Amino acid sequence: MSCPVLMSIRFTLAAICATPLLLATPALAEQAVQVQLSYSNGAFQPSEVRASADKPVVFRIKNLDGKAMEFESTSLRVEKVVAAKSEGVINVRPLKAGSYEFYDDFNEKARGTLNVQ
Ligand SMILES: [Cu+2]
């Protein structure tokens, strides 16, 4: 779902809304599961990651490539552009056990799976 104008409005609002909320809820931030990924040569590394069920998940995606990518997942309900040579941080709600697929919306050959147990 690439709609640049709507997306930039949404991300601006999300950034404005999320900042004070994060600062105000340190307990929630502490119990979040951190998931680190990198993206290079058009692929996720690693392409399979894990998280615990019923805890918020924070994805940290380092885009090492020279062009932007868009981290997207229908089942996780997220979509975020990560600029070239930068890191994107994406907060995800607590998840039930299962596997959740994600991909780069600018290069759908780049796919990965989050396994929640
Ligand atoms: Cu999209």
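Two strands pair if DSSP finds at least two bridges between them. In this predicted model, β5 and β6 (residues 78-82) meet that condition, pairing in the antiparallel sense over five bridges. Within this pairing, Ser73 has Val78 in β6 as its bridge partner. Four residues lie between the strands of the β5 and β6 hairpin, where Arg77 adopts a positive phi near 60 degrees.

A separate description applies to the open sheet of four strands, whose order is β2-β1-β4-β7 and whose pairing is mixed. Its edges are formed by β2 (43-45) and β7 (86-92), each of which pairs on one side only. On average, neighbouring strands of the sheet are turned by 25 degrees against each other, direction ignored. Between β4 and β7, which run antiparallel, there are seven bridges; Val57 stands opposite Val92 of β7.

The largest nonpolar core comprises 15 residues, and those touching the most other members are Leu37, Tyr39, Phe59, Ile61, Phe71 and Leu114.

The largest share, three residues, comes from β4. Apart from neighbours within four places in sequence, Phe59 is in contact with Val35, Leu37, Ile90 and Val92. In soluble globular proteins, nonpolar side chains tend to be buried together.

Note on methods. Residues numbered from 1 in each chain as written. Predicted model: local features only at pLDDT ≥ 70, side-chain atom pairs only at ≥ 80, totals over all residues. Core = buried A, V, L, I, M, F, W, Y, C linked by C-beta atoms within 7 Å. Buried ≥ 20, exposed ≤ 12 C-beta atoms within 10 Å, placed from the backbone. Helix = DSSP H or I, 4+ residues; strand = E, 2+ residues; numbered from the N terminus. Contact = placed C-beta atoms within 7 Å. Axes fitted to C-alpha atoms, helices over the stretch in contact; angles between N-to-C directions.
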